[in-house]
Amino acid sequence: MEWRCAGLGWPGGGPVLRWEGGRASALAYGRALGFRAVGERRCVGARGNPCPLRAVVPARAAQARCPECARLDRVFSVAADGVPDDPRTYRVYLAWFGSGLVKVGITAEERGAVRLLEQGAVAFCWLGRGPLMAARRTEELLRAALGVPDRVPYARKRAVRGALPGWDERAAELAELYRRAVVLEGWAEALERVAFEAVDHTAAFSLGPGGAGAARGVVREVADGGAVAGRLVAAAGPDLYLEIAGADGSGGGGLLVVDTRVLVGWELVGADVEAVVTVPVEGLGPVTRGAGEQGGLF
């Protein structure tokens, strides 16, 4: 049976590797994890439909879609206002990633906090709820008035995630932005304000009191035969944090971040965790590890 990766998800509040065809593998912190890429990276299609060409896509692309499937996916995207008549209720939120790094966004109310987990938000709060276009207009108002973006690059999220302030400071920063947001004039009339409550995701992500700690590098590309192995110690958004062994097998190799967006579209097979890491690591080149615990994906 082929196991082609469909990405990292957070459907129940914990990290899950999803597979083409709807299968899923729950990931457990503290457990060994190892995989090896096989063959070629294939387009995952658009909006639940397979790519008719099963096109090969670049190894470093953040999305595993060919140009035609990417266009079709964008046409029906909420982010691109492709479905302005969506009847669902939407929520506007503030997502906190690190000191001074906050964004405003919207998500369907039925999804709860899943969108915030997918983005790697360490903490967040809701601002309002209502129809899609009312949420979108208010999001734009808040972005301009509060001076916060609606997008944050993952590289910046990783950089601040390594060292985080305590909960009181995180909650206070959100509370101040919430206070400024709810008194602004110009909110869409159809959007109902939501009472303030700061939500913490450090437990869901398995981040320590001070954050994830310093990582040796980031895996942003795999190739046929490329292997990654280690002990899963944390996860946030699409990122997995693996503790890799040192050359003597002592576990002193440090942390490696795997951006699972570049795994999407690859067939993956389980690999012994004693295997070497044979994929490029940004800033380091290939990392060689020593022997370690046995493990795999499934």
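In the predicted model, helix H3 meets helix H5 through Leu 142, Ala 145 and Leu 146 on the H3 side and Leu 177, Arg 180 and Ala 181 on the H5 side. The residues of this contact comprise 5 nonpolar and 1 charged, with no polar residue among them. Two packed helices are described by the angle between their axes and the distance between the axes. For H3, which spans residues 132-146, and H5, the axes come within 10 Å and cross at roughly 115°. The crossing of the two helices, H3 and H5, is right-handed.

The protein as a whole contains 6 helices and 14 strands. Of its 298 residues, 48% count as buried. Among contacts with a separation of 6 or more, 67% are made by residues 24 or more positions apart.

In soluble globular proteins, nonpolar side chains tend to be buried together. In the present model, the largest nonpolar core has 62 residues. The residues with the most contacts inside this core are Val 92, Leu 94, Leu 127, Leu 142, Leu 240, Val 258 and Leu 268. Helix H5, formed by residues 167-182, gives the most to the core, contributing 6 residues. A second, separate core of 10 residues includes Ala 95, Phe 97, Leu 116 and Phe 124. Within the largest core, Leu 142 is one of the residues with the most contacts, and Leu 142 also takes part in the meeting of H3 with H5. When residues up to four places away in sequence are not counted, Val 92 touches Leu 142, along with Val 104, Gly 105, Ile 106, Trp 126, Leu 127, Gly 128, Ala 135 and Leu 191.

Ala 108 lies in strand E6, which covers residues 101-108. Ala 108 has a relative accessible area of 5% and is therefore buried. With residues up to four places away in sequence again left out, Ala 108 touches Arg 88, Thr 89 and Tyr 90. The C-alpha atoms of Ala 108 and Leu 132 are separated by 8.3 Å, although the two residues stand 24 residues apart along the chain.

The structure holds 0 disulfides. For Cys 51, the nearest cysteine sulfur is that of Cys 43, at 3.8 Å; because a disulfide requires a pair of cysteine sulfur atoms within 2.5 Å, Cys 51 is in no disulfide. Cys 51 is buried, with a relative accessible area of 6%. Cys 125 is likewise buried, its relative accessible area being 0%.

How values were computed
Residues are numbered from 1 along each chain as its sequence is written. This is a predicted model: local features need pLDDT of at least 70, side-chain atom pairs count only at pLDDT 80 or more; totals for chains, interfaces and linings use all residues. Side-chain values use heavy atoms; hydrogens and water are left out. Buried means under 20% relative accessible area, exposed over 50%, partly exposed in between (1.4 Å probe, protein chains only). A nonpolar core is a set of buried Ala, Val, Leu, Ile, Met, Phe, Trp, Tyr and Cys residues joined through side-chain atoms within 4.5 Å. Helices (H or I, at least four residues) and strands (E, at least two) are DSSP runs, numbered from the N terminus. Contact means heavy atoms within 4.5 Å. Axes are lines fitted to C-alpha atoms, for helices over the stretch in contact, and angles run from 0 to 180 degrees between N-to-C directions. A crossing is left-handed if the near helix is turned anticlockwise from the far one by less than a right angle, and right-handed if clockwise. Ala, Val, Leu, Ile, Met, Phe, Trp, Tyr, Cys and Pro count as nonpolar, Asp, Glu, Lys and Arg as charged, and the others, Gly among them, as polar.
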